[in-house]
Amino acid sequence: MSIAAVCGIAFAGLVIYGFTAMMGIDRFYSTLILMGTGAAAIFVILFMFITSRLHRILKRSLLGVIIIAALASAGHEVWKAYYNSIPVVSDQEVDMDHYMPFQEDSKLAELSEPSGLKLTSELPRLDGATALYPLYAAFAQAVYPEREYSYKDSEVMVNTTPEAYKNLIEGKVDLIFAAAPSEPQKAAARRDGLELKLTPIGREAFVFFVNADNPVQGLTTEQLLGIYSGEITNWSEVGGENKAIRAFQRPEGSGSQTMLQKIMEGRELAEAPSEDVVSGMGGIIQRTADYRNHKNALGFSFLFYATEMVRNGDIRLLEMDGVTPNRETIANGDYPLASEFYAVTAGSGNPNVDKLIEWILSPQGQELIEKTGYTPLQSGR
């Protein structure tokens, strides 16, 4: 009888477990069902083999197990409700529609007077980094004829830094706006017999940030290098809580990853786990902001993108060597991780490319750089 009863309980438990698994019900309850099935089988066996004098104790024990299971379920539901109430941000990038030239709801900066350069034909084909699209789209709005310029396929595109360099080297575009190229990007140009010409047009801060709940306010350059070389692995080593540092990175060839490699100053960059390499610039901000990273995340980007294009209130920019990244500290040279960004060419035959670059370096072009939210070259001198 006991064997038949145990087999019946086991069969019922497996059926219920299989049903909950197929329905996608919380794993907690699947585990609870398995544990309940085992407990029920034990109680049945004990009930059959102990004396009737001990049945009352067994019944009370069974009631206690049921109460504990009910309290565990209630506690789980309370925790799940709290967990689900935590805001979770997506890995979606910034909506570029808001930065397309000549749009009614455009967020692009505008000149205070008509542009001194107007192009009507042979428009240079532009591409570049995501963070710089609002800037060179503003250049196009000031200089190009008024019409629709899709950021996906037109004379004013945005395809991220790696794709922009690839398009430039392959001759699909005439001019890109980006951070300095990586060594593989330089090598790709040389293989095609091309020389990348970099013209500095403005300055920007390379910034690091943490979850807003992380108590760390800043890092020294040496501490930062220690983290990304793998020598420092816990926030407690830099004045924070006893939590492992989850240092996010970007894919090889992206502008921000190239900048990270540049500041490592010859020290070897630790290889990040694949789940900590975030494809999009918006993604690295969102992943750091996500409360479910439990205050241990560290990310990086460029100041304008992080503070103007994304504006995520769940991250906090870190001071570097005691200096806050802002326009003033970029301009006066106090912020240690500020660098120039470039208009990059590779020998285009378009006669208007040089005219456009010359205009970008003029007071009007520099005005748009400042109005967009970057630091013009004049301010950095």
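This is a predicted model: local features need pLDDT of at least 70, side-chain atom pairs count only at pLDDT 80 or more; totals for chains, interfaces and linings use all residues.
## Ground rules

Here, a residue is called buried under 20% relative accessible area, exposed over 50%, and partly exposed in between, using a 1.4 Å probe and protein chains only.

Residues are numbered from 1 along each chain as its sequence is written, and side-chain values use heavy atoms, with hydrogens and water left out.

## Around glutamate 265

Glutamate 265 sits in the loop between helix H8 (255-263) and helix H9 (281-289); helices (H or I, at least four residues) and strands (E, at least two) are DSSP runs, numbered from the N terminus. Its C-alpha atom is 8.5 Å from that of leucine 225, although the two are 40 residues apart along the chain.

The side chain of arginine 267 forms a salt bridge with glutamate 231 (2.7 Å, N to O), where a salt bridge means a side-chain nitrogen of Lys or Arg within 4 Å of a carboxyl oxygen of Asp or Glu. Arginine 267 is partly exposed at 24% relative accessibility, whereas glutamate 231 is exposed at 53%.

## Strand S6, covered on both faces

Have a look at strand S6 (residues 297-302): six of its six residues are buried. In a regular strand the side chains alternate between the two faces of the sheet. In S6, Ala297, Gly299 and Ser301 point to one side and Leu298, Phe300 and Phe302 to the other, and all are buried.

Strands pair if DSSP finds at least two bridges between them. S3 (residues 197-211) runs antiparallel to S6, joined by five bridges, and phenylalanine 209 stands opposite glycine 299. S5 (residues 246-247) runs parallel to S6 with two bridges; there, alanine 247 has leucine 298 as its bridge partner.

The whole structure has eight salt bridges. Among them, glutamate 155 meets arginine 147 at 2.9 Å, N to O, and lysine 186 meets glutamate 183 at 3.4 Å, N to O. Lysine 186 and glutamate 183 are separated by about one helical turn, because they are three residues apart in helix H6 (residues 183-191). Elsewhere, Lys166, Glu170 and Lys172 are linked in a network of salt bridges.
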